[in-house]
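Hello,

Here is the structure we talked about. Please load it first, then read the notes below.

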Amino acid sequence: MSDTEGELARNLGFTEAMTMGGGTMIGAGIFILPGIAAEGAGPASSISFAIAGLAALLAAISLSELATGMPIAGGSYHYVNRALGSLFGSIVGWGMWTGLMFASAFYMIGFGQYLVEPIPFFSGRALVILFGLLGLALLVGVNYYGTEESGSFQNVMIGLELVVIVVYLVVGFFYIDAANLEPFAPTGPSGIIATTGLVFVTFLGFEIIATVAEEVKNPGKNIPLTMILSVVSVTLLYVIVMIVSTGVVPFDELGDSLVPVGDVAEVSMGAAGVAAIVAAAALAAISSSNSSILAAARVVFAMGRDNLMQDWLNTTHSRFRTPHRAVIATGLLTGLLVAAGLQVEAIIEVLAEVASFSFLVAYSLVHAAVVVIRRAEPEDYEPDFEIPSVLYPWVPIAGIALSMLVITQMNLAVIGIGIGIIVLGIVWYFLYARRQDIDQSLVGDAIVNGSEGGSVDVDEDRYRVVVPIANPETQKNLLRLAAVSARTHSEGETPEIVAVNITRVPTQTALEQELQFEEQRVETQRELLQSAREAAADLDISLRTRAILGRDIGQTLLTVLEEEAADQVVLGDRGHGRRTKEYIFGSTIDPVLKNAPCDVTIANLRRDEIGDVVALAGPGPHAPVAARRAAEFATLSGTTPTLLNVQPPGDGDEDDDPIAQGEAVIEDVAETAGVKNYESKVLVSEDAQSAILEEVDGYDTVCAGVSEKSSVSKILYGSIAETVKQQTDGSVVMVRGPYETHWEITEAVAERLSA
């Protein structure tokens, strides 16, 4: 039996997911949109943001179910394509790609405005566009070459922006003039709704959480929680920003400004405040535009995977592992949109509204996808989070109705452009995508309430051994050791081996990670499965493989052990490299040795055959585990394991016979281990270490338990097992049994924050 899984490691906790979702939404829109919004609805623009937040919240609820039920890259595009078919997938794919380009152009023009307007010797629309194009070129270059530091840099930018915004609101609150808030809604309800369509562009970031659903810990809880909280918190923030902004500066003056938040800061915070706002706005524009370009490349990649986009655009760079053609195409088209600002006076409003139009259409289809998938009940759809029965189907219905209401109040020119993008998606489907080998939709199943398939229950009671594999071709023996160990626990259900390959990815923007390593993961998974099959071909073992992407291999492996309820993990140790005060085996094995909730076996295999096996049967708590491993491994070579004990010389008293004492220790170890067929050997020596080293030289494989020390960083320093490992020529296997671990305070706090 074999099964194959390809996945991302669940390394993102609540805090990281909130940063991705909420942090992206707290971007350039907060510096650019207040002026445009105030012009459209006056102080009531705060209500426009609230309505836009409500539409985003409804979409977040539907996306939460879909993301936990189908955790795969592509976000809204993938869900619609899977549920409604490739026609609607093509519409949403093209809509999201173009919508993200319009959003990126919107951010970059805002970037130019905040650089040009506050500086006396800078002026002119052409200079705004020039700075916008230069900023865009920088981002295209970053995304073409790729950078491991981009994710950390983005988090720093978001943190700085948030600090500036909080100071802006706190100080600005004391400068509010109630007279500026009258009339509150000068353009009436229609103006409020129309402005909602314009400002919705700022709520696009929450979908990033759905896109990285495979990486989120406890997805059933954290995905809906972070998506909903990020939307609610950002909505409240924008509402307060609009009240403060229109309360400090009259809405008609604010509407005429290209740098509205800067004008408010000039009144409430002076020159220093303006400088801080300009810097924060520039960072926000870069951050938001960068996220849009990355997301656009992700959409193109997902469409290419589903054969809705040509491979030429979907290709990754052979050296940088980035979607270079998609990045260049996105950059060129976005550059044209930025350059259009030279001719179109209201370009920034048009860009924002078209982006909003595209995503309102996409989210309407997402709501429809939830209904279709619920009725079709596909076998592979098992969401950890479901829209509560009291809210279903009212959330999808309300989401569609509100999105359509907002769209109908948009500018006719914007509606025309949006319809043109929809037509582009339809034409592309009929001219290209329809001819490809594409998946069928679930609409037919939904109509007849079709498929009755269910999930396959996993037997958690079977003995399970996890084997991390870095190079399948050179670690077949490691798999065989795991197989023979698992086979000794076949009295109940057939034991199982889970062969895991973990590919480390840089700590950078999550949207790019899986894209960069998709081809590598697929190829590694194929090699892993084939190698594992060959290794265990003659053993009665259930075999399953997992190929995972993770930022930290050790922590990712611990997550796998918990998910699999593993009984044992078998790790390969290369046996070279310098130890440090922080690590004994290295940053991958040490965390597992310390915190794994199961047996840990660390094998340094220097010989192809197990041959004669000896286990050190000392007084340590892990000696019985070493004896058990030795007996298991000896079956591969058809030999009998030797249990070795060393005793100091006696004082001549008959009751102090070292041989008898050693035999008693060995017998106790064997009984505890459940080993019946073994040979015992007792050495008598003042120098136990030298005696052991001399004796084990005659064996092919040595098994030893790790020593117990007060500090994990000293787990093997000075131990006999470590000395044997360093000085013997044979294979060395070090083991420990399961024991209760205790979190250190710093680790516990970090884990709690990310849980």
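A polar contact here is a pair of N or O atoms within 3.5 Å; within protein, one must be able to donate a hydrogen and the other to accept it, and residues adjacent in sequence count only if both atoms are side-chain atoms. The model is predicted, so local features need pLDDT of at least 70 and side-chain atom pairs pLDDT 80 or more, while totals for chains, interfaces and linings use all residues. Numbering runs from 1 along each chain as its sequence is written, and side-chain values use heavy atoms, without hydrogens or water.

**Thr-334**

A polar atom of its side chain lies 2.7 Å from the backbone oxygen of Thr-330. Thr-334 sits in helix 15 (residues 324-339). Helices (H or I, at least four residues) and strands (E, at least two) are DSSP runs, numbered from the N terminus. Thr-334 has 0% relative accessibility, so it counts as buried. Buried means under 20% relative accessible area, exposed over 50%, and partly exposed in between (1.4 Å probe, protein chains only). Leaving out residues up to four places away in sequence, Thr-334 touches Met-101, Ser-104, Ala-105 and Leu-136. Contact means heavy atoms within 4.5 Å.

**Helices 5 and 6**

Helix 5 (residues 86-116) packs against helix 6 (residues 125-145) at about 125 degrees, with the axes 7 Å apart. That angle makes helix 5 oblique to helix 6. Angles under 35 degrees count as roughly parallel, over 145 as roughly antiparallel, 65 to 115 as roughly perpendicular, and the rest as oblique. Axes are lines fitted to C-alpha atoms, for helices over the stretch in contact, and angles run from 0 to 180 degrees between N-to-C directions. On the helix 5 side, the contact includes Ser-104, Met-108 and Phe-111. On the helix 6 side, Leu-136, Gly-132 and Leu-139 are among the residues.

**Backbone points to check**

Most residues other than glycine have a negative phi, and most peptide bonds are trans. Which bonds are cis here? One joins Glu-182 and Pro-183, with omega about -10 degrees. Another joins Tyr-392 and Pro-393, with omega about 5 degrees. Pro-183 is in the loop between helix 7 (150-173) and helix 8 (188-199). Pro-393 is in the loop between helix 16 (347-376) and helix 17 (394-408).

Ala-565 is not a glycine, yet has a positive phi of about 50 degrees. It lies in the loop between helix 22 (553-564) and strand 5 (568-572). Ala-565 is partly exposed, at 36% relative accessible area.

Best wishes
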